[in-house]
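Dear colleague,

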Amino acid sequence: AYVYDFDQAACSENCWILEDTLTSSAPQQSASFGNAVDIDGNTLVVGAEGEEAAYVFEYNGSSWTESTILGPTLTGNTGFGCSVTVKGNFLAVGAVTENSSSGSVYIFNGTAGWAEEEKITGQASLESFGNDVSLDGATLVAGVRTATLGGNSFSGSARVYKRNGAATPKWAGGTVTTLDPMQADNVTPDAAPFRFYGTGVSISLDGPGLDFIVVGAPANTGEPGYAYVYQNNAGSWSQIERLVASDGVNGDSYGFSVAVDGETVVSGAPDRDEFAADSGAVYAYYDTTDTDGDGLADQVEEAICRETNFTVCTDIQLTDTDEDGLSDAVEMAYGGGPGGGYDSGDLNPVNPDTDGDGFSDGDEDLTGNDPLDPADAPVYGDVNGDENVNVADVLLATQISLGLRSAAPEEILRGNVAPLVAC
């Protein structure tokens, strides 16, 4: 397993730098070490389905070290390690072929070492419960890709478990929800034979209105595949969208792998003939809601706030956060930086005077001066904008003051008309 670290300073060439290469402390032939991986903070888990194991690594500040090797309570073709997920003090491992491929999910609690807390088992043989798993907080979603739904063989399913610490068992005895696929109208059932719904699952819990689950259904060769998005409202999960690639064709396996983080969804289509046969493609989606209508999606503004260490946080309710006369979107694109993004060469949308020359960014833009250059400031009295204050400016200001001609906004800003006329 390869671990990469994000290095902002290296982004002109390669943002992600190889930090470590992880291997098993007791390598085995056909172990498939690395067939599944997940990371949260300083904890990383690696599946090794071929040896029915999951390896836990901890970061000690300078390197990753193997801390625990997890295994199933039963052995022998269990598929333990086929899927892994870790979040906070909880870690889950799928054992997809256990119990005649009914499947199981093992949950471990890391409060005091990684101890097995619970084993959740599938409901029917051959349903592949736990083929993929995803945790966030104390909520687990498990794929059941070959379950029968509505009489449709291998249609698939997904189950959500919300832990109840006071219950016994804590996960299966908590709130359990079965997610069923719906068509594009989010109402009509969408089960179909060999849809394999549940092949990929992912969950992201970011608070009210921002709790999402995505379930992939790569389907068979007669369909392009789908990804179903669910939102939690007041404790209830409901489908809000069925995604399909705009250029998808049958057999792409769209939805084979999925991920969600905040309001961004990613879906893989490994069998798409993008550049060559089965070369594959990945599709990314984000919520385009733009509350203030400034041209920047709310999600983009919130992401910029995080990426700048909370120093450039625009108000999603205001088109012009710093009230300098330029919208937030215009300021973030002013310096020619990447579209929709922000870098040090752009105007600061939360500072009305980016270059600190005493003139607002909006005023300098209007007068034709550079709001990024403190040496290029407007000259009061230079009504015509030729960078000289002379008799031509006096004549122009007089005409304006006598009503002989109207003044353009930039002339008013440059002119400071009254002192000129008084001269």
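This is a predicted model: local features need pLDDT of at least 70, side-chain atom pairs count only at pLDDT 80 or more; totals for chains, interfaces and linings use all residues.

**The open sheet**

Four strands, in the order β3-β4-β5-β6, make up an open sheet with antiparallel pairing, where strands are DSSP runs (E, at least two residues) numbered from the N terminus, and two strands pair if DSSP finds at least two bridges between them. β3 (33-40) and β6 (64-70) stand at the edges with a single partner strand each, so one side of each has no neighbour in the sheet. From one strand to the next the twist averages 25°, with axes taken as lines fitted to C-alpha atoms and angles running from 0 to 180 degrees between N-to-C directions. β3 and strand β4 (residues 43-48) run antiparallel and are joined by 6 bridges, and D38 stands opposite V45 in β4.

Residues are numbered from 1 along each chain as its sequence is written, and side-chain values use heavy atoms, with hydrogens and water left out.

**Aromatic pairs**

How many aromatic pairs does a search of the whole structure find? The search finds 13, counting rings of Phe, Tyr and Trp (its six-membered ring) whose centres lie within 6.5 Å, with planes under 30 degrees apart called stacked, over 60 edge-to-face and the rest tilted. F129 and Y161 form an edge-to-face pair, because their ring centres are 6.2 Å apart and their planes stand at 75°. Since F129 lies in strand β11 (residues 129-136) and Y161 in strand β13 (residues 157-162), this pair ties together parts that are 32 residues apart in sequence. F129 is buried at 0% relative accessibility, and Y161 is buried at 4%, where buried means under 20% relative accessible area, exposed over 50% and partly exposed in between (1.4 Å probe, protein chains only).

F154 sits in the loop between β12 (139-144) and β13, and F196 in the loop between β14 (175-179) and β15 (200-205), so that the pair links parts of the chain 42 residues apart. F154 is partly exposed, at 32%, whereas F196 is buried, at 16%. Elsewhere, ring pairs link F33, Y55 and F57 into a cluster.

**Salt bridges**

The count of salt bridges comes to 11, each being a side-chain nitrogen of Lys or Arg within 4 Å of a carboxyl oxygen of Asp or Glu. One of them joins K87 and D40, whose closest N and O atoms are 3.6 Å apart; K87 belongs to strand β7 (residues 80-87) and D40 to strand β3, 47 residues apart. Both are partly exposed, K87 with a relative accessible area of 31% and D40 with 24%.

D247 and R272 also meet in a salt bridge, at 3.2 Å from N to O. D247 is partly exposed at 36%, while R272 is buried at 12%. Finally, salt bridges that share partners join D190, R195, E223 and R242 into one network.

With kind regards
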